[in-house]
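Okay, thanks for coming, everyone.

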Amino acid sequence: MKRQPQSLIWTIHITGAVTAIVLVLVVWFGVYQPLNEQAVADEIRIGKLESLIAQPKTWQNVNVLLLDQHFTLSEAVAFANRHSAGGSQDDLFIREADKLAEDHQLEVLDWHLEADRDVERFTESRVRGSFRGSYESISRFLASVSQMPRIAKVLELSLDKGDKSGEYPVRITFALYSSGEANDTRMKGRAL
């Protein structure tokens with residue numbers, strides 16, 4: 001009879017040892033190992049952040065250089081726009097006409113540049129604009145355009161039926177003339 005209790009004791013010891021081993025393995029692979037991997041990943045991220053924080057002057061210098069380049073390029077673009085020939089003259093006309101339309105309470109809907117054409121010793125650029133406004137504002141706008149220093153001939157005027165507010169949609173095609181030896185508005189033209 002003594003054998004049964006002793007085998008029972010060994011069974012309990014073996015069961016306890018196996019349970020302890022399984023519990024250690026579960027804790028190791030289920031808790032400790034993932035936490036250890038996360039800690040290593042966090043240390044790597046912290047190291048990268050610390051290296052970036054240690055170099056703020058480098059990033060500030062790069063930012064200053066980029067801002068200087070942006071300023072230089074912006075000035076170069078503005079200079080090129082001011083000194084290019086026909087294309088900027090067309091753009092200048094559109095900017096001035098936009099301002100006149102605003103001054104006369106005329107809403108500008110759209111501008112469209114058409115291809116240049118050679119006409120005798122001049123180059124003709126066509127600019128089409130779509131507007132919306134009262135009859136009076138349209139009339140005042142056209143009178144102001146005729147007073148501009150550049151020749152702007154109205155080739156086409158289309159006035160659609162207005163709505164109850166008294167505003168009319170209108171489409172106007174202007175012919176702008178430039179002269180130049182090469183008869184090329186975009187390259188050599190000079191505004192008249």
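This is a predicted model: local features need pLDDT of at least 70, side-chain atom pairs count only at pLDDT 80 or more; totals for chains, interfaces and linings use all residues.

Look for Trp28 and Tyr32. Their rings form an aromatic pair, with 4.8 Å centre to centre and 35° between the planes, and that pair is tilted. How much of them is open to the outside? Trp28 is partly exposed, at 41% relative accessibility, and Tyr32 is partly exposed too, with 43%.

Further along H1 there's a charged pair. Asp42 and Arg45 meet in a salt bridge through their side chains, 3.5 Å from N to O. They're three residues apart, again about one turn of the helix. Asp42 is partly exposed, with a relative accessible area of 26%, while Arg45 is exposed, with 55%.

Now let's go inside. In general, nonpolar side chains in soluble globular proteins tend to be buried together. Here, the largest nonpolar core has 18 residues. Which residues have the most contacts inside that core? They are Phe93, Trp111, Phe131, Phe141, Val145 and Phe174. As for the elements, those that give two or more residues to this core are H3, strand S3, H4 and S5. Helix H3 gives the most, with five residues.

Click on Trp111 if you want to see this from one side chain's point of view. Leaving out residues up to four places away in sequence, Trp111 touches Phe93, Ile94, Ala97, Asp98, Val127, Arg128, Gly129, Phe131 and Phe174.

The structure holds six aromatic pairs, and one aromatic cluster is formed by Phe93, Trp111, Phe131, Phe141 and Phe174. Take Phe141 and Phe174 out of that cluster. Both of them are buried. Why is their pair called edge-to-face? Because the planes of the two rings sit at 75°, with the centres 6.5 Å apart, and anything over 60 degrees counts as edge-to-face. Phe141 lies in helix H4 and Phe174 in strand S5, so this pair ties together parts that are 33 residues apart in sequence.

While we're at helix H4, find Ser144, which sits in that helix, residues 135-146. Ser144 has a relative accessible area of 18%, and because the cut-off for buried is under 20%, Ser144 counts as buried. Beyond its sequence neighbours up to four places away, Ser144 touches Leu100 and His104.

Where is Gln105 found? In the loop between helix H3 and strand S1. The phi angle of Gln105 is near 55°, a positive value in a residue other than glycine. Gln105 is exposed, with a relative accessible area of 57%.

Last topic: charges. Side chains of opposite charge can pair when their charged atoms come close. How many salt bridges does a search of the whole structure find? Seven. You've already seen Asp42 with Arg45. Another one is Arg126 with Glu124, at 2.9 Å from N to O. Arg126 is partly exposed, with 23% relative accessible area, but Glu124 is buried, with 3%.

Then there's Asp160 with Arg171, where the closest N and O atoms are 3.1 Å apart. That one links distant parts of the chain, eleven residues apart: Asp160 is in the loop between strands S4 and S5, and Arg171 is in strand S5 itself. Asp160 counts as partly exposed at 31%, and so does Arg171 at 36%. Finally, back to Glu124 and Arg126: salt bridges that share partners join them with Arg117 into one network.

That's the tour. Happy to go back to any part of it.

Terms used:
Residues are numbered from 1 along each chain as its sequence is written. Side-chain values use heavy atoms; hydrogens and water are left out. Helices (H or I, at least four residues) and strands (E, at least two) are DSSP runs, numbered from the N terminus. Buried means under 20% relative accessible area, exposed over 50%, partly exposed in between (1.4 Å probe, protein chains only). Contact means heavy atoms within 4.5 Å. Rings of Phe, Tyr and Trp (its six-membered ring) pair if their centres lie within 6.5 Å; planes under 30 degrees apart count as stacked, over 60 as edge-to-face and the rest as tilted. A nonpolar core is a set of buried Ala, Val, Leu, Ile, Met, Phe, Trp, Tyr and Cys residues joined through side-chain atoms within 4.5 Å. A salt bridge is a side-chain nitrogen of Lys or Arg within 4 Å of a carboxyl oxygen of Asp or Glu.
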